[in-house]
Structure formats: structure tokens, C-alpha cells
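Hello,

Here is the structure I promised to pass along. Have a look at it first, and then read on for my notes.

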Amino acid sequence: MHLALPIQEVAISVVSVSITECQSDFLSFYSPDLSLRERRQKDKEERLSLVLWRRPVTTLHYFLLETLLKLKEWTFKLWQRRGIVFLCLVLCSLFSIAYSTEGEHQQYVQYLEKKFLWCAYWVGLGILSSVGLGTGLHTFLLYLGPHIASVTLAAYECGSTDFPEPPYPDQIVCPEDGGVEDTISLFSIMSKVRLEACMWGAGTAIGELPPYFMARAARQSGADPDDEDYEEFEEMLEQAEGAQDFVTRAKLGVQHMVQKVGFFGILACASIPNPLFDLAGITCGHFLVPFWTFFGATLIGKAIIKMHIQKLFVIITFSKHIVEQMVSLIGSVPKLGPSLQKPFRQYLEAQRNKLHHAGGSAPADENWLSWVFEKVVLVMVCYFVISIVNSMAQSYAKRLQQLRHSEEKTK
């Protein structure tokens, strides 16, 4: 009996030691992953603190350095494609010669120049809306939506859509002969703004290409890309089994639709205003969806289907009878209604006077509504510029962090 107790104690101690060793081995096996995840989270928090209103000097310094590095990278890429660059320079030289030489061809050259610059303007705004250098500029709300609204108001006020074709002058003016208001229809206004809307939609489709190419190159090479959205996408795939929140499950639903349905799945997601489409380019690139399948479906969905839906919504909203109903509804609001209704009527009356003004200086009946709208646009553009500065500064900070980690590994 006395010998059995020590033997039992020894056995228990041996088992406890083995359990402790197993626990230490288990922790040592998983600790690198845990420390790596903690380090990434710490680095991300440090980068996000790099903004103009917290660390202005450092943010501007990093922004300038990142700008120089980006210029160096773009210059190197252009040098690698010097054949294409040389061909573009030759074409520009030929166009410049044709532009500066007098002759009957000048009218066609000027027409092509105006059309090209007008289309490039709206395509550029679409690219900014989709890419935005990591921030996003809502150019539909700032530019395309107000343009469609002004054309709609002008068509109903002038009774015609025969005012100048794009590119428009500084302001839209009614034709002198006028027209009949009853001849204005939704389809005539839609055809008037079709070029701008389709070019803007094509720009948003082009803006989805950089994430696609980045994810495709990362999947083929096995390298870890320098992109926050791709890291979010990989984390979403890892946590797919235990996803509980609605946003993650919705993103996974879009990802499964794009992956399984293919062309028609991409087309369905791109054809509606879909905030979850941001990861579609990364999803298609990661799963090696063919380029023309992805870009063709995105282009058709955004530049044709989605743009007609948005365009129709704006035109209906700013149709004459609906605008008058909105003004009357504003007047029916108790107490504040009449005071708000008056400036809206003044604004609409000022717009009508401008549309019927065919030369000289336009009437300067400015009111607080137009002043507020201009200031809102100015604030949104300033926010976009500040966001670009912050984003590029954080990108340079990430370069420094990666360089520091690589030096630590080599030691």
C-alpha cells in the first residue's frame, strides 16, 4: 500500500508533465500565426492614425515621398512599353499636324476633338467614381446627376431638346423658335443624355480592372499583394464557415454568384446599384475568371443596363409635373413649409430665366439654395483630395513597415 501511493504520484506527475509539454508544443505551433495577426492589426492601426488632422507634417511628408515613388514606377512601366508609347506619340504628332494645317478638313478635326474631349471627361469621372485612389468620388451625385437634371428641366421649359449637342456651351439655352411641351417624352430626354451616361458607365467599368489584374497576378504568382481589399477578401474566405453578420454573408453570396454563374452572375451584380460589387474584381481575378468574361459583363451591366435605370430615375424625378408636386408638398409642411417653399420657387424661376436667356449676361438672382449646393460640392471635392493625401501617405507607411519586417527576418 505504501509503495502504491508513490507509484501513483509518479505516474500522475509524468502525465501532468506530458500534458504541459503538449500544451507548450501546441502554443509554440500556433503562436507565430497569432503574433503575425497581432502585428498586422497593430500595423494597420498605426497606418490609419496617419491622417492630416492628427499628424499633418508626417502625412504630407509621406504623401510627397509616395508621389515620387509612384511617378518612378509609372515611368519604368512606360519605358517597358516604349513601343506603345512611341506609337501614341506618332499618332498625337499626326493629329497635331492635321490640327494646325489649314484646309477643309479642319471642321472634321474640330468635331472629333470636341467629341473626344467630351467623352474622355465623362469616362474620367466614371473611373474616379469607381477607383478614387482608394477613397471614391461620387461623381454621379456631383456631375452626371445634376447634368441629367438640368437637361430634363431645360427640355420641359423649352418644349424642345434642340439645344446644342454636346459638348454644351457654358450654359444650356433654349432655341429661339421654341417648341411644343407636349412633344417632350422620357425617351427624347434619355437619348439627349445617352452619350454622357454611357461614357460615365464605361468609366466605372474600367475602374474595376485594377483590382482584377492585381488579384489575378497574385493568384498566379503566389505573391502577397500590397492591397487592403485583397487582405479583407482573403480573411472573408477564411471565415466563410463561421460568418454570422449580414454584410459578410451578403459579400459571400455575391462571391458565390460570381464564381458559379459566371458571365450572367457578374452581369446581374453589375446591372443594379450594388455596394457589394467592390470585391467583384478581386473575386474574378482570384478565381481566374477570363478577362473578357469579367470586363464584358461589367461593361454591359454598368454602361448600358445600370445607367439606363439611374438615368430614368433622375429624369422622372426632375420632370416638370413631379417637380411642381414636390414644391406643393413642401408648402403643405406645417409651419416650415411656406418658408421653405418660397426659395425653391425662386430657384426654379431663376433657372427658367437662365434657360430663356440667349446671350449677354445671365440674370444674377442667386439665392441660398444655389449657394448651399456650391458649398456642398466644394466640401465633397476637398474631402476627396484630403482622402487621396491620407491614402497615399498610409501606402508609404505600409512600404516602411514591410521593409522593417523584411530586415527583421534577415537578422
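**Aromatic pairs and a surface patch**

Phe291 and Phe295 are 4 residues apart in helix 13 (residues 291-317), so about one helical turn separates them. Please keep in mind that this is a predicted model.

How many aromatic pairs are there? The count comes to 14 aromatic pairs. One of them joins Tyr121 and Trp122: the ring centres are 5.2 Å apart and the planes meet at 75°, and because planes over 60 degrees apart count as edge-to-face, this pair falls in that class. Tyr121 is partly exposed, with a relative accessible area of 39%, whereas Trp122 is buried, with 3%.

Phe291 and Phe295 form another aromatic pair, and this one is stacked: the distance is 5.6 Å centre to centre, with 10° between the planes. Is Phe295 buried or exposed? Its relative accessibility is 13%, so Phe295 counts as buried. Phe291, at 24% relative accessibility, counts as partly exposed. Both residues also belong to one aromatic cluster, together with Tyr212, Phe213, Trp292 and Phe294.

There is also a charge over a ring to look for. The charged end of Arg82 sits over the ring of Trp79, at 4.6 Å from the ring centre.

Next, the surface. Which residues form the nonpolar patch there? They are Phe86, Leu87, Val90, Leu91, Leu94 and Ile97, and together they have about 610 Å² of accessible area. Leu91 is found in helix 3 (residues 82-100). Why does Leu91 count as exposed? Its relative accessibility is 51%, and the cut-off for exposed is over 50%.

Finally, the record. In an unreviewed entry, UniProt places the feature "transmembrane region" at residues 84-101, 121-144, 257-273, 279-300, 312-333 and 376-397. I looked at two of these spans in the model. Residues 376-397 are 100% helix and 0% strand, and the end C-alpha atoms lie 31 Å apart. Residues 279-300 are 77% helix and 0% strand, with the end C-alpha atoms 18 Å apart.

Best wishes

Notes: Residues are numbered from 1 along each chain as its sequence is written. This is a predicted model: local features need pLDDT of at least 70, side-chain atom pairs count only at pLDDT 80 or more; totals for chains, interfaces and linings use all residues. Side-chain values use heavy atoms; hydrogens and water are left out. Patches are made of residues with over 30% relative accessible area and no salt bridge: like charges are joined within 9 Å, nonpolar side chains (Val, Leu, Ile, Met, Phe, Trp, Tyr) within 5 Å. Accessible areas come from the Shrake-Rupley method with a 1.4 Å probe; for residues, only the protein chains shown count as cover. A salt bridge is a side-chain nitrogen of Lys or Arg within 4 Å of a carboxyl oxygen of Asp or Glu. Helices (H or I, at least four residues) and strands (E, at least two) are DSSP runs, numbered from the N terminus. Buried means under 20% relative accessible area, exposed over 50%, partly exposed in between (1.4 Å probe, protein chains only). UniProt positions are given in the numbering used here, feature names are shortened, and annotations may be inferred rather than shown by experiment. Rings of Phe, Tyr and Trp (its six-membered ring) pair if their centres lie within 6.5 Å; planes under 30 degrees apart count as stacked, over 60 as edge-to-face and the rest as tilted. A charge sits over a ring if NZ of Lys or CZ of Arg is within 6 Å of the ring centre and within 35 degrees of the ring normal.
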